[in-house]
Amino acid sequence: MDENLRRMLLDWMRKIHQLEYAHCYQSIFWSTFEKWIGITAFIISTIVAFSYRFPKLEIPWVQDYLLPFVLLIVAILTGLQTFLKPSEKAENHKRIGFNYEKMRHSIELILNTNMTDENRTREIEIIKNEWADLKSVYVSNRKFKKGKKTVKYLKKYPEELSFLNTIE
């Protein structure tokens with residue numbers, strides 16, 4: 001295999017690996033976000049429900065103003081879960097992460113299998129098309145940087161764009 005082609009495939013693999021980790025981290029974020037909202041809403045609503053009956057509150061402003069305000073917070077948290085749909089977002093990022101992992105393994109096969117140039121070109125074209133057709137969604141910059149850092153820590157790939165010859 002041509003060395004430039006090998007380096008290009010390694011660079012693709014690095015980018016795909018970074019995106020794979022970024023989507024996994026984003027999936028974990030949305031799962032955790034949903035759990036925190038749900039647990040917080042449950043605890044607050046339970047406390048408010050019991051405060052109306054056991055024991056009777058002697059301070060009227062607490063029952064007249066504070067508890068309705070706290071219930072408003074519960075409604076907002078519940079609305080966030082309903083309209084942001086963090087579980088769907090988590091599942092979507094998880095699925096996309098698996099798709100990136102599948103593409104990465106395809107590149108590993110190209111790099112580690114003796115193929116004819118024709119077969120290799122066809123496999124590379126398939127990966128390019130899969131990557132172009134992938135319905136990816138936004139990951140936060142922080143999660144992308146975390147994925148990038150994780151992949152860099154593995155020390156499996158050449159530095160970014162290091163395969164390009166500098167023009168003098």
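**Close-up 1. Helix 3 and helix 4 pack at an angle of about 165°.** In this predicted model, helix 3 covers residues 86-112 and helix 4 covers residues 117-133, and their axes lie 10 Å apart. Angles over 145 degrees count as roughly antiparallel, so helix 3 is roughly antiparallel to helix 4. The crossing of helix 3 and helix 4 is left-handed. Which residues make the contact? From helix 3, look for Tyr-100, Lys-102, Met-103, Ser-106, Ile-107 and Ile-110. Helix 4 brings Arg-120, Glu-123, Ile-124, Ile-127, Glu-130 and Trp-131. Sorted by class, this contact of helix 3 with helix 4 holds seven nonpolar, one polar and four charged residues.

**Close-up 2. Helix 1 and helix 4 cross at roughly 30°.** Here the two axes come within 13 Å. Angles under 35 degrees count as roughly parallel, and helix 1 and helix 4 are therefore roughly parallel to each other. Helix 1 passes helix 4 in a left-handed crossing. On the helix 1 side, you can find Leu-5, Leu-9, Trp-12, Lys-15, Ile-16 and Leu-19 in the contact. Their partners from helix 4 are Arg-120, Ile-124, Ile-127, Lys-128 and Trp-131. How many residues of each class does this contact of helix 1 with helix 4 have? There are eight nonpolar, no polar and three charged ones.

**Close-up 3. Helix 1 meets helix 2 at a crossing angle of roughly 150°.** Helix 2 spans residues 60-84, and its axis and that of helix 1 come within 9 Å. With 145 degrees as the cut-off for roughly antiparallel, helix 1 and helix 2 are therefore roughly antiparallel to each other. Helix 1 passes helix 2 in a left-handed crossing. Counted by class, the contact of helix 1 with helix 2 includes 13 nonpolar, six polar and one charged residues.

**Close-up 4. The largest pocket holds about 180 Å³ of space.** Which elements give two or more residues to its lining? They are helix 1 (3-51) and helix 5 (141-154). Helix 5 supplies the largest share of the lining, four residues.

How values were computed:
Residues are numbered from 1 along each chain as its sequence is written. This is a predicted model: local features need pLDDT of at least 70, side-chain atom pairs count only at pLDDT 80 or more; totals for chains, interfaces and linings use all residues. Side-chain values use heavy atoms; hydrogens and water are left out. On a 1 Å grid over the protein atoms alone, a cavity is a set of points where a 1.4 Å probe fits but cannot get out, and a pocket is an open set with protein on both sides within 12 Å along at least five of seven lines; lining residues have an atom within 4 Å of a point. Grid points are joined across faces, edges and corners, and a volume is the space filled by probe spheres set on the points. Axes are lines fitted to C-alpha atoms, for helices over the stretch in contact, and angles run from 0 to 180 degrees between N-to-C directions. Angles under 35 degrees count as roughly parallel, over 145 as roughly antiparallel, 65 to 115 as roughly perpendicular and the rest as oblique. A crossing is left-handed if the near helix is turned anticlockwise from the far one by less than a right angle, and right-handed if clockwise. Contact means heavy atoms within 4.5 Å. Ala, Val, Leu, Ile, Met, Phe, Trp, Tyr, Cys and Pro count as nonpolar, Asp, Glu, Lys and Arg as charged, and the others, Gly among them, as polar.
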